[in-house]
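Please look at the sequence and the three-dimensional structure shown below.

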Amino acid sequence: MSTILVADDDRDILDLVAFKLGAAGHEMITATDGASALTEARRAVPDIVVLDVAMPGMSGLDVCRELRADSVTQAIPVILLTARGQESDVEAGFNVGADDYIVKPFSPRELQSRVTALLSRARA
């Protein structure tokens with residue numbers, strides 16, 4: 001299957017997402033902060049990245065911006081998974097290059113569907 005990097009500073013959310021996507025047959029890489037997520041993305045070059053926006057040190061927006069600026073990682077699909085649901089937050093996410101934006105609380109089934117859709121488009 002695919003390799004998915006998930007970064008969230010909330011261990012419960014991180015474990016839930018990793019379990020759900022891992023159960024669907026994907027290889028999982030996890031990180032609990034933005035800097036670690038960026039390091040892992042550059043090291044492993046996953047097929048897709050799921051980022052929390054509000055993480056310590058380096059936000060998911062910053063990570064997404066850095067991924068888009070790097071020729072090795074610029075084409076990796078990025079989903080922002082966050083509690084920030086205001087219109088301006090969503091707009092900011094898309095402005096840094098996110099491919100999708102999911103507001104917490106979220107449906108794990110919906111997340112899986114969106115991951116599958118983005119992976120299908122990336123392979124087409």
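**From a buried histidine to the helices and strands**

With a relative accessibility of 8%, H26 counts as buried; here buried means under 20% relative accessible area, exposed means over 50%, and partly exposed lies in between, as found with a 1.4 Å probe on protein chains only. The model is predicted, so local features need pLDDT of at least 70 and side-chain atom pairs count only at pLDDT 80 or more, while totals for chains, interfaces and linings use all residues. Residues are numbered from 1 along each chain as its sequence is written, and side-chain values use heavy atoms, with hydrogens and water left out.

H26 is located in the loop between α1 (11-23) and β2 (27-31). Helices (H or I, at least four residues) and strands (E, at least two) are DSSP runs, numbered from the N terminus. When neighbours within four places in sequence are set aside, H26 is in contact with M1, S2, I4, L21, Q112 and L119; contact means heavy atoms within 4.5 Å.

Within α1, the residues I13, L14, V17, A18 and L21 are buried. They cover an arc of only 125 degrees around the axis, so they are on the same side of α1; the arc is that of the directions from the helix axis to the C-beta atoms. An α-helix has 3.6 residues a turn, so residues three or four places apart point the same way. D12, F19 and A23, on the other side of α1, are exposed. The cover over the buried residues of α1 includes β1, β2, β4 and α5.

The two ends of α1 also have particular features. At the N-terminal end, D10 caps α1, with a side-chain oxygen 2.9 Å from the backbone nitrogen of D12. Just after α1, G25 takes a positive phi of about 100 degrees.

Strand β1 (residues 3-7) runs parallel to β2, and five bridges join them; two strands pair if DSSP finds at least two bridges between them. V6 has T30 in β2 as its bridge partner. From β1 the chain passes through α1 to β2 in a right-handed β-α-β crossover. Right-handed means that, with the strands pointing away from the viewer, the path from the first strand over the helix to the second runs clockwise.

The loop between β5 (100-103) and α5 (108-123) contains P105, and a cis peptide bond with omega of about -5 degrees joins K104 and P105.

Helix α2 (residues 34-44) contains A35, which is partly exposed at 43% relative accessibility. The C-alpha atoms of A35 and M58 are separated by 5.8 Å, although these residues are 23 residues apart along the chain. In the loop between α2 and β3 (48-51) is V45, a residue other than glycine with a positive phi near 45 degrees. V45 is partly exposed, with a relative accessible area of 35%.

Key
A polar contact is a pair of N or O atoms within 3.5 Å; within protein, one must be able to donate a hydrogen and the other to accept it, and residues adjacent in sequence count only if both atoms are side-chain atoms.
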